[in-house]
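Please look over the sequence and the structure shown here before reading on.

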Amino acid sequence: MNETIRGLLTRVGGLPVAVTELEDGADLYAAGLSSFASVQLMLGLEEAFDIEFPDSLLNRKSFASIAAIEQTVSHILQAREAA
Amino acid sequence: MSLPAFAADMALSARAQRVATVAAEFADRIDRDGRFPREAVDAMKAERLLGIQIPTAFGGEGASITEIAEVCSILGQACASSAMVFAMHQIKVSSLVAHGADSAWHMDFMRELAGRQLLVASATTEGGIGGNMRNSICAIEVDGDTCRLTKDATVISYGAHADAIMVTSRSSEKAAPTDQVMTVFRQGQYTLQKTVDWDTLGMRGTCSDGFLFKGEAPSAQIFPKPFAEIAAQSMLATSHLLWSGVWYGIAADAVLRAQAFVRAAARKAGGTQPPGALRLAEASNLLQLLKGNILSGLKLYADARLDHDRLSSMAFSIAMNNVKLASSETILTIINQAMIICGIMGYKNGTPYSLGRHLRDAHSAQLMISNDRILGNTSTMLLVQKPDTSLLG
C-alpha cells in the first residue's frame, strides 16, 4: 500500500521535493501538496483501491501524511471486510 | 440611568447603532475622498467593539461570530468601508482567539488588544503569488529570539492606520511556498513604504494600499500553528461570514431607501402604487433569501466551531464557499432592483435615495477572493465530496 500511495503522490502530487525523500509521517501540505493535487490524489486512491471515501474522512487530517493516508485507506478496507 | 436601561444601552446592537450613526454621517465624504474612516473607528474604540471577540478571561466579551456578523450588518447599513474595516479586524482577531491560546505572547497580546482597543490589519497578499494567499514567496528569517521579514505586500487594508499587522510568509528560507506561518508585528516593529495607491470604484475608505513591509520582532510573535491550519480553521469561515454580514447591510440599506421612495411616491399619488412597487416586493424577497443564506452559514459555523476535523472538512469548505458566492452575487441584484425603483433619484448622488455608493461598494464582493477562484475550488472538491442534500443537517 505504501508503494502505491508513494507512486500516486509522485504522479499527481506535484510536490517540489522527491517523494522518496519524504518520511511516512512528513506533513504533505507543508511539503507543498496543493488542495487541487490532494483531490487528484484522493481520486487516484479511490481508483487504485476500489474504495470511496466517506464524507467524514474528507478532511485535511486524513490526507496529511503518507502514514495518515495508509491509515485512512486501511480503515475503509477493514470496514468493508467487516460488513 | 436604571439598571435595565443601562443594560439595554450596553447591548452590543445598541453600541453598534451608535457607531453606525457616526459612520453614516461621514460615509459620503470617506467615499468621495477615499480616506480612512477615522471617526467611525474611533467610535468603535470608544464603544469598545474592537475587543468583543476576545474571551472574557483575557479582558474581552467572548462575542460569537454570529453576534459580530450582526454588528457588521448594522455598520454595513451606514458605511460599507467602516463595516469592512471592522470585519477584517475581527477576522484577524478570530485567528488570535482560535490559535493564540497556547502561546504566552499571543495571550498577552489578546489582553492588550482588548484593553487598549488595538486595530489589527492583515498582509496576506503578495506580488507574484497570483492572488492565492495560501502561497508565499517571502520567507521569515528566524535568528534566535528575533525574526525578520520583508514582504512586497500588494494590499494591506488600512495598513497605515493599524496598531498591528499579521503577516504571512514561508516558515523559513528553505520552506515550500505552501509551508507558511503568520506573525504578528506591532506598530514600531515595522516600516511601510507605500508602493500602490488604493484608488478604486468602491470600498474607498478601506485604504487597501500596497506597501513594502519590513519588520523585525521577537520570534515569539510567530503563531505556533502552521498558517494552513489557521486559514482553514478560522480565516475561511469568519471571512465569508463576516464579509457577508457587511454585504447584507449594504443591500438592506438599499432596500430601505427603495421602500422610502415607493412610500413617498404612493403618498403623493394618493395611495396609487408607483410602478416600482412590484420590484420592491422582489427585492424584499431576495433580501430574505440572502438573510437565510447567511444565517444558515452562521449556524453551521457555530455547530462546527470547536470540532477541528469538521472545520477542515470539504463539506464545511463547500458550504462556506457557497455562502460567499450567494451573498456577493445576490446583493448586486438587490441593489440593482433598488436602483430601478428609485430611478434617477437613486442614480444621482446627494439625494435621500442615492444608491451609487452602495452599488460601487457592493461590486467589490465578487472580487475579494475572486468568485471564479472559489467556484474552481468548490468544483475540485465536488470531484470527491458529495453535495449536501439534507435540509436540516
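Helix 7 of chain B gives way to Gly270(B), a residue whose phi is positive, near 60 degrees. The coordinates come from a predicted model, which scores ipTM 0.80 and pTM 0.93.

**Confidence**
- Within chain B the mean pLDDT is 95, and 100% of the residues of this chain reach 70 or more.

**Helix 7 of chain B**
- This helix covers residues 227-268, 42 residues in total, and its first and last C-alpha atoms are 59 Å apart, which is close to the 62 Å expected at 1.5 Å a residue.
- Because 30 of the 42 residues of helix 7 of chain B are buried, the helix is largely enclosed by the rest of the structure.

**The sheet of chain B**
- Three strands of chain B make up an open sheet with mixed pairing, in the order 1-4-5.
- Strand 1 (120-123) and strand 5 (180-186) of chain B are at the edges with a single partner strand each, and therefore one side of each has no neighbour in the sheet.
- From one strand to the next, the twist averages 25 degrees.
- Seven bridges join strand 4 (residues 164-170) and strand 5 of chain B in the antiparallel sense, and Ser169(B) is placed opposite Val181(B) of strand 5.

**Helices across the sheet**
- Helix 5 (residues 80-99) of chain B lies across strand 1 and strand 4 of chain B, and runs at about 85 degrees to strand 1.
- Helix 7 of chain B lies across strand 4 and strand 5 of chain B, and runs at about 85 degrees to strand 5.

Conventions:
Residues are numbered from 1 along each chain as its sequence is written. Chains are lettered from A and ligands numbered from 1 in the order in which they are written. This is a predicted model: local features need pLDDT of at least 70, side-chain atom pairs count only at pLDDT 80 or more; totals for chains, interfaces and linings use all residues. Helices (H or I, at least four residues) and strands (E, at least two) are DSSP runs, numbered from the N terminus. The expected span of a helix is 1.5 Å times one less than its number of residues. A residue is buried if 20 or more other C-beta atoms lie within 10 Å of its own, exposed if 12 or fewer, and partly exposed in between; C-beta atoms are placed from the backbone. pLDDT is the predictor's confidence in each residue, from 0 to 100. Two strands pair if DSSP finds at least two bridges between them. Axes are lines fitted to C-alpha atoms, for helices over the stretch in contact, and angles run from 0 to 180 degrees between N-to-C directions. Two residues are in contact if their C-beta atoms, placed from the backbone, lie within 7 Å.
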